[in-house]
Amino acid sequence: TRAAAEEMRERFALLCRKSVPPVTFSTFHSFFFRILKYAYGYTAESIVREEEQRQIIREALEKETLEKLLKDTGSVADTLTVYEKLIGLLKNDRIPSEQWMPRVCERPVFLRLYRSYEQRMRQMRKIDFDDMLVYTYELLSQRKDILAAWQNRFRYFLVDEFQDVNRIQYDILRL
């Protein structure tokens, strides 16, 4: 979290006392967004707000007749949360959507929902928090010059609670 990163920065400064070396403290999302900001010119307005994201998912779900999707999840709010998490899981585990086997609905239904969500996000020129990871991974994988620039700028990374990183965070760190 931002609070944890700030607390680490403060503790580090206290330990260093007078001479604080140039160290960056950041969350994954904040750091990766900085990379995307330099590469693509993203701003804070590029990030989808939670209520916008839920509305996009709701619209996609309504195309699929909500009643048939509610049977396993319960309320509309619970259904939105389930699909929001599924989309995030798909992106964070770097699973191609065509290979995804959702447990809450049939694969063709989920693929239509996912594609509708992604298409609407592109139309709005917005990214979600999971896109920050996906786009950073794609950028650094495809653009060796940009990867080299960031590798030269940051020689080492220390990750607090490393056991909690997900697949895409790990893959980006390896780059």
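**Entry 1: getting my bearings**

An axis here is a line fitted to the C-alpha atoms of a helix over the stretch in contact, and angles run from 0 to 180 degrees between N-to-C directions. I remind myself that this is a predicted model.

**Entry 2: helix 5 with helix 6**

I looked up helix 5 and helix 6 (residues 107-124), and their axes come within 11 Å and cross at roughly 80 degrees. Angles of 65 to 115 degrees count as roughly perpendicular, and that makes helix 5 roughly perpendicular to helix 6. Helix 5 brings Tyr-83, Leu-86, Ile-87, Leu-90 and Lys-91 to the contact, while helix 6 brings Phe-110, Leu-113, Tyr-114, Tyr-117 and Glu-118. I sorted these residues by class and got eight nonpolar, two charged and no polar.

**Entry 3: helix 5 with helix 3**

Next I turned to helix 3 (residues 50-63), which packs with helix 5 (residues 76-92) at an angle of about 100 degrees, the axes being 10 Å apart. Helix 3 and helix 5 are therefore roughly perpendicular to each other. The classes here are seven nonpolar, three polar and three charged.

**Entry 4: helix 9**

Which residues of helix 9 (residues 167-174) are buried? I found Ile-168, Gln-169, Asp-171 and Ile-172. They cover an arc of only 165 degrees around the axis, so they sit on the same side of helix 9. Their cover includes helix 2 (28-40), helix 5 and helix 7 (129-142). Last, I checked the start of helix 9, where a side-chain oxygen of Asn-166 reaches to within 3.2 Å of the backbone nitrogen of Ile-168.

Definitions and conventions: Residues numbered from 1 in each chain as written. Predicted model: local features only at pLDDT ≥ 70, side-chain atom pairs only at ≥ 80, totals over all residues. Heavy atoms only, no water. Helix = DSSP H or I, 4+ residues; strand = E, 2+ residues; numbered from the N terminus. Parallel < 35°, antiparallel > 145°, perpendicular 65-115°, else oblique. Nonpolar A, V, L, I, M, F, W, Y, C, P; charged D, E, K, R; others polar. Contact = heavy atoms within 4.5 Å. Buried < 20%, exposed > 50% of the residue type's maximum accessible area, 1.4 Å probe, protein only. Arc of directions from axis to C-beta. Polar contact = N/O pair within 3.5 Å; in protein donor to acceptor, adjacent residues only side chain to side chain.
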